[in-house]
Amino acid sequence: MRLKPRIEGMKTVDLIRKKRDGGTLTRVEIRNLINGFVSEKIPDYQMSALLMAIYFRGMDEEETASLTDIMAHSGEMLDLSAMSGFPVDKHSTGGVGDTTSLVLIPLLASAGLTVAKLSGRALGHTGGTIDKLESIPGFRTDLSRKEFLALVEDSGFALADHTEDMVPADRLLYELRDVTSTIDSLPLITASIMSKKIAGGARGIVIDVKVGAGAFLPRLEDSRQLACGLVSIGTQLGRKISAIITDMSQPLGKMVGNSLEVKEAIRTLKGEGPQDLEDLSCELGAELLLFSEKETRQEDAVQKLHELLHNGAALDKFRTLIGNQSGDPAVIEDFSLLPTASKQINILAPRAGVVTELNALMIGRAANLLGAGRFVKGDTVDHAVGIELIKKIGDRAEKGKPLAILHVNSAASLEEARAMVREAYKIGERSVVAPELVIERIAA
Ligand code: URA
Ligand code: CA
């Protein structure tokens, strides 16, 4: 006889019905559901039904906080309590050309904070910090937990790929959400993001919530709701946390693509980077500096971080980071050591005028077509390819002069990518100002 799926107390089917009918699940009920699912006592079909019930009925703050906490504890947790410094983490909801993590990790370390950063790979139209750093010859991101914690203790910072044994509940739930059309549920997104941050062990957390065409949630109302939820849940779970809502209508900086973004990060660490990337890095970093109580005024914290980018202190930390993780620090002085595409193809302005739009989603997709990202998990990325944006919103374009440069290694999908970049640019008559980068700050 086949055993009916069942957990202690209420049956799973009763809990699904409770949520379906708009009820509130208790902490114990949520724990039974999540732990039952992770240990394969609850089958996918029941969890799918529950996810759909949550999608339609939502979860209140208490349910979401319980879900987050239980998911965070579903696997190994990083214990940073023995570290001498103040451990901080930054998370972005995903952007195009967003190189801030590469800048922030050494920058925060140079400000005396402890950075134990777990990052992900590129998926969809957005890039991933792990792929970017792996374009540095020799750079290792597959550190064991022991190696990772030893580096954090000795140097104050390290960066590694998420390991399979952390937050298994999120991985399993995400796979199911992906095929049951239940990704875009605010409580589920909130618990997914925050469970990973909680398991990562940081005490101070800043979340960069993107808004605009290239963002996971393009509309400001949705981003604001997500930001508020993340801050509220993080606070309830004992973390110092804030969220900054920032513009992702156009890509950040001028480079999109793995080794191109490493070069852009190095330029920024030399104080020669694009202003938007430098400003955003300092804005996000300032939140963490305030949480650590190393600075007490926001303006002073921002100023301090700009200084560390311009006096070489942050760049020194990046050199240490590369060396610590078996990479070749000579890339900092010699960009020719980084993967370089075989061909550069100009995208020319069809007419004169002002760039009024530069669609981040299209640029992200075009970079993917060139091979910079992944369409499905497991695809290999080409670290050398990508897109250099010569003109951004508000810039003047001259007919026949380059708007962008494609860095290309293969003819496959080239025409499609070229057409997409052309379409991403809108050129108008009247002058426009670039959109404000920092749109809102959400604090506890
Ligand atoms: N990012 C996550 O980590 N989880 C989600 O559910 C959505 C975006
Ligand atoms: Ca960039």
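Visitor: Buried area is the accessible area that two parts lose on being put together, with a 1.4 Å probe and summed over both. How much is buried between domain 2 and domain 3 here?

Guide: About 2,100 Å². Carbon and sulfur atoms give 53% of that area. A note on the source: this is a predicted model, where local features need pLDDT of at least 70 and side-chain atom pairs count only at pLDDT 80 or more, while totals for chains, interfaces and linings use all residues. Residues are numbered from 1 along each chain as its sequence is written, chains are lettered from A and ligands numbered from 1 in the order written, and side-chain values use heavy atoms, with hydrogens and water left out.

Visitor: Where do the domains run?

Guide: Domain 1 is 12-58, domain 2 is 87-333 and domain 3 is 339-428. Those bounds come from an automatic or database domain assignment.

Visitor: New topic. What surrounds ligand 1?

Guide: Y174, R177, I189, S192, I193, K196 and F216. A residue joins that shell if one of its heavy atoms lies within 4 Å.

Visitor: Which helix supplies the largest share of the shell?

Guide: α9, with 4 residues. Both α8 (168-180) and α9 (186-199) supply at least two. Helices are DSSP runs of H or I, at least four residues, and strands are runs of E, at least two, numbered from the N terminus.

Visitor: How does the shell divide into nonpolar, polar and charged?

Guide: 4 nonpolar, 1 polar and 2 charged. Ala, Val, Leu, Ile, Met, Phe, Trp, Tyr, Cys and Pro count as nonpolar; Asp, Glu, Lys and Arg as charged; the others, Gly among them, as polar.

Visitor: Which ligand 1 atom is by the S192 side chain?

Guide: A nitrogen atom, 2.6 Å from a polar side-chain atom of S192. For K196, a side-chain N or O atom is 2.6 Å from a ligand 1 oxygen. With R177, the oxygen distance is 2.9 Å.

Visitor: How much of ligand 1 does the protein bury?

Guide: 86% of the 230 Å² that ligand 1 exposes when taken alone. Such areas use the Shrake-Rupley method with a 1.4 Å probe.

Visitor: Last one. Where is Q344?

Guide: Q344 is in strand β7, residues 343-348. Beyond neighbours within four places in sequence, Q344 is in contact with I405, L406 and H407.

Methods:
A polar contact is a pair of N or O atoms within 3.5 Å; within protein, one must be able to donate a hydrogen and the other to accept it, and residues adjacent in sequence count only if both atoms are side-chain atoms. Contact means heavy atoms within 4.5 Å.
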